[in-house]
Amino acid sequence: MRSLFLQAPSFDGYDGGAGARYQMKREVRSFWYPTWLAQPAALVEGSKLIDAPAHDLSFDDIKHEAYARDLVILHTSTPSFRQDVKTAEMLKALNPDLKIGLIGAKVAVQAQESLAASEAIDFVARNEFDFTIKDVADGQNWASIKGISYRNAQGVIVHNDDRPVLEDMDALPFVSPIYKRDLVIEKYFGGYLKHPYVSFYTGRGCKSRCTFCLWPQTVGGHNYRTRSIGHVIEEVKYVMREMPQVKEIFFDDDTLTDNAPRVEALARELGKLGVTWSCNAKANVPYDTLKVMKDNGLRLLLVGYESGNQKILHNIKKGLRVDVARQFTKDCHALGIVIHGTFILGLPGETKETIEETIRYAQEINPHTIQVSLAAPYPGTFLYRQATENGWFDGTDHLLTDHGNQIAQLSYPHLNSTEIFASVEDFYKRFYFRPRKIGAIVGEMIRDQDMMKRRLREGVEFFRFLRQRKEAVA
């Protein structure tokens, strides 16, 4: 089938975010690669990938594809679902014979509800969907395809058996050639990554049990399945050869550092290539492993600290001690490893006092940059079930404003959502508006003219972000 893989047009600044975990407008404009669309696209001969938000494309810019395709696969999420359904309905109106399927965590856990939302949606692919989509695109009878839910000829919704989780990760083709073929890589950037960058996975799944984290609980699973190191290195070589403008490779595995022997072996092979790279990490990597990584090209770690309060970390099953995270951060500073730290406000157990504790903790450990998010109860997560059962959340799927700004959904008897929402701005200001941090940023700008331009642009975007947050609740 002539297949289109589509990230649909959305609000200005829509970012699928860190492998599609969280979809919102960032404090500074950024775009992550649509890796979870690119992967099945790489399996389907003659496919095309369109990432409309990153390329500033409206529906009018893509509607001609309705006539050129037999199959459209839309990546969707809880925040973007209504807009994605609207896009599906407009495409179907142009070409009623078009088959439209949805993928993503939203439909993985709410297949029945997703199909019932609109007759424009012909099927959804649940859980790990790469080869499910290939089977559809190859024209197999839908009744025989594992992992799909679909509307049959009588209009009845049918749920086929689950597809087994993929164990041989080397069976997946590289996604980088799809990036090169269909995307303008300069359109993808993040505030803490060199530009341009490329990101992809060396494995799937995460053994951690964080109650809020969407992808392991819905699609990827908790068994960390990895590609062979040789397979990863061949893709890195492809990027270096075919996209020489790339300045950094980000490995988007949930926690690449969970397997210390493997990440050390991978690092040594990357060191031979002289490539600059970065990855996600849990704040418990030992010094010796960090040193091997740094000595072989590691520049930055994206670290989920979440909170500076130990009880909250226990509540969310983070599996992390604050004192261990503190020592890990000191080790990174000593080795010259840059840290982008992420924090979440409003998690179970949060109080005014724990918010203050986390802000002071962030100031103390002093990562280079931070991201502060609001606890988001995504369907399919333990946090969602916990919040609805305890009355902290009304079960609505409206996690963002119409302009893409995150809404504080959780509210506690002792701490309401308005207070939690306001604490994000306080966190940012108190972290960045310190003489020490201002001096570091100014020094960085003086040393690098490109960084000067970039930080000035990001500064404008940051203040616009804060203003729009206020307007969202006005």
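Student: Why is D60 called exposed?
Tutor: In this predicted model, D60 has a relative accessible area of 53%. Exposed means over 50%, so D60 belongs in that class.

Student: What makes the contact of D60 and K63 a salt bridge?
Tutor: The side chains of D60 and K63 meet with N and O 3.6 Å apart. The cut-off is 4 Å, from a side-chain nitrogen of Lys or Arg to a carboxyl oxygen of Asp or Glu. The pair therefore passes.

Student: Why does K63 count as partly exposed?
Tutor: The relative accessibility of K63 is 37%.

Student: What parts of the chain does the pair of R204 and E128 link?
Tutor: Distant ones: R204 is in strand β9, while E128 is in the loop between β5 (123-125) and α7 (130-137). The two residues are 76 residues apart. Both R204 and E128 are buried, which means under 20% relative accessible area for each.

Student: Which residues make up the network of salt bridges around this pair?
Tutor: The linked residues are E128, D130, R204 and R225. A search of the whole structure gives 27 salt bridges.

Student: What makes E419 and K352 a salt bridge?
Tutor: The distance from N to O is 3.2 Å, and the limit is 4 Å, so the pair qualifies.

Student: Why is the pair of E419 and K352 said to tie together parts of the chain?
Tutor: E419 lies in helix α17 (residues 417-432) and K352 in helix α15 (residues 352-365), so the pair joins parts that are 67 residues apart in sequence. At 28% relative accessibility, E419 is partly exposed, because that class runs between under 20% and over 50%.

Student: Why is E306 called buried?
Tutor: E306 has 5% relative accessibility. Buried means under 20%, so E306 is buried. E306 lies in strand β13.

Student: What is noted about the phi of E306, and what about that of D56?
Tutor: Phi of E306 is near 65°, a positive value in a residue other than glycine. D56 is not a glycine either, and its phi is positive at about 55°. D56 is found in the loop between β2 (48-51) and α2.

Student: Which residues does the cis peptide bond with omega of about -5° join?
Tutor: The bond joins H195 and P196. P196 is in the loop between α8 (176-182) and β8 (197-200).

Student: What makes F433, I438, V442, I446 and F463 a nonpolar patch?
Tutor: Patch residues need over 30% relative accessible area and no salt bridge, and nonpolar side chains are joined within 5 Å. F463 shows the area test: its relative accessibility is 45%, so F463 passes the cut-off of over 30%. The patch residues have about 470 Å² of accessible area together.

Student: Which helix gives the most to the nonpolar patch?
Tutor: Helix α18 (residues 435-447) does, with three residues. F463 is in helix α19 (residues 449-473).

Student: How many residues line the second largest pocket, and which element gives the largest share of the lining?
Tutor: The second largest pocket has 25 lining residues, with L193, K194, D448, M451 and R454 nearest its centre. The largest share comes from α19, with seven residues. By class, the lining has 13 charged, seven nonpolar and five polar residues. The space in this pocket is about 600 Å³.

Student: What is the volume of the largest cavity, and why is it a cavity and not a pocket?
Tutor: The volume of the largest cavity is about 130 Å³. A cavity is a space where a 1.4 Å probe fits but cannot get out, whereas a pocket is open. Among the 13 residues lining the largest cavity, Q39, L172, Y201, R204 and R227 lie nearest its centre. The largest share of the lining, three residues, comes from α1.

Note on methods:
Residues numbered from 1 in each chain as written. Predicted model: local features only at pLDDT ≥ 70, side-chain atom pairs only at ≥ 80, totals over all residues. Heavy atoms only, no water. Patch = residues over 30% accessible without salt bridge, like charges linked within 9 Å, V, L, I, M, F, W, Y side chains within 5 Å. Areas by Shrake-Rupley, 256 points an atom, 1.4 Å probe, with all protein chains shown as cover. Helix = DSSP H or I, 4+ residues; strand = E, 2+ residues; numbered from the N terminus. Buried < 20%, exposed > 50% of the residue type's maximum accessible area, 1.4 Å probe, protein only. 1 Å grid on protein atoms, 1.4 Å probe; cavity = no way out; pocket = protein on both sides within 12 Å on 5 of 7 lines; lining within 4 Å. Points joined across faces, edges and corners; volume = space filled by probe spheres on them. Nonpolar A, V, L, I, M, F, W, Y, C, P; charged D, E, K, R; others polar.
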